[in-house]
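Let's take a walk through this model together, starting with the strands and moving on to the aromatic rings. Have the sequence and the coordinates open as you read.

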Amino acid sequence: MRLNEVNGAGDFSNYTPVTVKDKDSGKSFVINFANAKIKGNEAEWTIKDGKVYDKNGKTVEDNLLEVTRYQAAIIQAAAEGDGEGDKYLDSNDIIGAAFAEKVETALQEAKSEYHVDMNEKYSPARPEADAFEYGVFYAGLENAEGDKKTFSIELLQNKPPEEDKKWYQFWK
C-alpha cells in the first residue's frame with residue numbers, strides 16, 4: 001500500500017504512463033510519472049497532464065522516452081526509491097543520499113560503463129547522486145575515460161522553499 005493511500009493524500013489518476021526505452025539494449029519498461037522535468041546532457045523532456053514533451057515543446061508520440069542505458073537505469077532506480085518496487089515515480093520515492101547506492105546498483109545491473117562520480121572536491125566519501133526533499137533526483141556520473149554526464153528528474157509539484165521568506169513565514 002502506498003503512503004498516500006494510507007494518509008488519504010494524493011490522486012493517482014493524474015499520473016502519466018511513460019514507456020522508457022533503453023536505446024542501447026532495446027529493453028523497455030513503463031513508469032507512471034507525476035508531472036516532472038527530465039534533463040540529461042543533451043536531452044530534455046517535460047511530463048505534464050498526461051503527455052510527454054521534448055525540449056522544443058513538441059508532443060512525443062506514444063509517451064515514449066528513448067534514453068541511454070545509464071539514463072534508463074537512473075529512472076528505474078528513482079521509481080523504486082520507496083522500496084515498494086512499484087512503477088510510480090513521485091515524492092514517495094525521495095530517499096536522500098541513499099539514492100546514490102540505488103543508482104550505482106542499477107548502473108551495475110544494467111552493465112553501464114558509467115558509475116556514480118565520487119566527488120573528491122567536497123569529501124572523498126560524498127557521491128554525486130541524491131534525491132532531495134523538494135523533489136529533485138540528481139546523478140553525476142563518470143566512466144573509466146573520465147567522461148562525465150549528469151541526469152536529473154525534477155518533480156514539478158514540489159518546489160524548494162523561497163529563499164527570501166522570513167523563517168516564520170514558512171508556516172503560513
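Which residue is the bridge partner of V20 in strand 6? The partner is L65. Keep in mind that you are looking at a predicted model.

Four strands form an open sheet in the order 6-1-2-7, and their pairing is mixed. Strand 6 (64-67) and strand 7 are the edge strands, each pairing on one side only. Helix 2 lies across strand 1, strand 2 (28-33), strand 6 and strand 7. Relative to strand 2, helix 2 runs at about 45 degrees.

Next come the aromatic rings. The whole structure holds four aromatic pairs. In one of them, the rings of Y15 and Y88 have centres 5.1 Å apart and planes at 90 degrees; an angle over 60 counts as edge-to-face, so this pair is edge-to-face. Y15 sits in the loop between helix 1 (3-7) and strand 1 (16-22), while Y88 belongs to strand 7 (residues 88-89), so the pair links distant parts of the chain, 73 residues apart. Y15 is buried at 12% relative accessible area, whereas Y88, at 27%, is partly exposed.

Another pair brings us back to helix 2 (residues 69-79), which contains Y70. The ring centres of Y70 and Y114 are 5.1 Å apart, and their planes meet at 55 degrees, so this pair is tilted. Y114 lies in the loop between helix 3 (99-109) and strand 8 (115-116), so the pair ties together parts that are 44 residues apart in sequence. Y70 is buried, with a relative accessible area of 7%, and Y114 also counts as buried at 7%.

Terms used:
Residues are numbered from 1 along each chain as its sequence is written. This is a predicted model: local features need pLDDT of at least 70, side-chain atom pairs count only at pLDDT 80 or more; totals for chains, interfaces and linings use all residues. Side-chain values use heavy atoms; hydrogens and water are left out. Rings of Phe, Tyr and Trp (its six-membered ring) pair if their centres lie within 6.5 Å; planes under 30 degrees apart count as stacked, over 60 as edge-to-face and the rest as tilted. Helices (H or I, at least four residues) and strands (E, at least two) are DSSP runs, numbered from the N terminus. Buried means under 20% relative accessible area, exposed over 50%, partly exposed in between (1.4 Å probe, protein chains only). Two strands pair if DSSP finds at least two bridges between them. Contact means heavy atoms within 4.5 Å. Axes are lines fitted to C-alpha atoms, for helices over the stretch in contact, and angles run from 0 to 180 degrees between N-to-C directions.
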